[in-house]
Amino acid sequence: MQLLEWSDTQLKFHITQTENNTTTDVDLTDYDKVLLIIRFPNMIIEILWTVDNEDTSYVIFDLLSEQTKGRAWWIVADIRWIQWAKRLRFNQNTIQWVILASVKVPQWVVND
């Protein structure tokens, strides 16, 4: 996946499990929180998603522009669930993305 530096992005994941070649949705209401851990070359960002009361297998993380500012590079990420202070990994493979460099244009002011 490619993300743009300086942009607000919503990352949506569908959490499923596969057993005996059968894929089923994971009921996230069984968990306290879900955590997205993004590793940049020089820092780590953790974005927390609190499970609501709905029966859902989707999580949505908000990656804000301030978190990607000046960080155009390859990044890796993992999704973990938190229950009673334990952290266990949801994703089977590490997620790999690239943040593309962008140019920030100052706000234009138009005079009448």
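Me: What does buried mean here, as a cut-off on relative accessible area?
Reply: Each residue of this predicted model can be sorted by its relative accessible area. Exposed is the word for values over 50%, and partly exposed covers those in between. Buried means a relative accessible area under 20%.

Me: Is aspartate 78 buried or exposed?
Reply: The relative accessible area of aspartate 78 is 3%. The cut-off for buried is under 20%. Aspartate 78 therefore counts as buried.

Me: Which residue meets aspartate 78 in a salt bridge of 3.1 Å, N to O?
Reply: A salt bridge needs a side-chain nitrogen of Lys or Arg within 4 Å of a carboxyl oxygen of Asp or Glu. The partner of aspartate 78 lies in strand β5 (residues 33-39), while aspartate 78 lies in strand β8, 39 residues apart. At 3.1 Å, N to O, the side chain that meets aspartate 78 is that of arginine 39.

Me: How many residues apart in sequence are glutamate 46 and arginine 87?
Reply: These two side chains form a salt bridge, with the closest N and O atoms 3.2 Å apart. Glutamate 46 lies in strand β6 (residues 44-50) and arginine 87 in strand β9 (residues 86-89), so the pair ties together parts that are 41 residues apart.

Me: Are glutamate 46 and arginine 87 buried or partly exposed?
Reply: Glutamate 46 has a relative accessibility of 42%. For arginine 87 the relative accessible area is 44%. Values between 20% and 50% fall in the middle class, so both residues are partly exposed.

Me: Which strand runs parallel to strand β10 (residues 95-100)?
Reply: Strand β8 (residues 74-83) pairs with β10 over 4 bridges, but in the antiparallel sense. In that pairing, alanine 77 stands opposite isoleucine 95. Another strand is joined to β10 by 3 bridges, with leucine 4 opposite leucine 100. The strand that runs parallel to β10 is β1 (residues 2-4).

Note on methods: Residues numbered from 1 in each chain as written. Predicted model: local features only at pLDDT ≥ 70, side-chain atom pairs only at ≥ 80, totals over all residues. Heavy atoms only, no water. Pairing = 2+ DSSP bridges. Helix = DSSP H or I, 4+ residues; strand = E, 2+ residues; numbered from the N terminus. Buried < 20%, exposed > 50% of the residue type's maximum accessible area, 1.4 Å probe, protein only.
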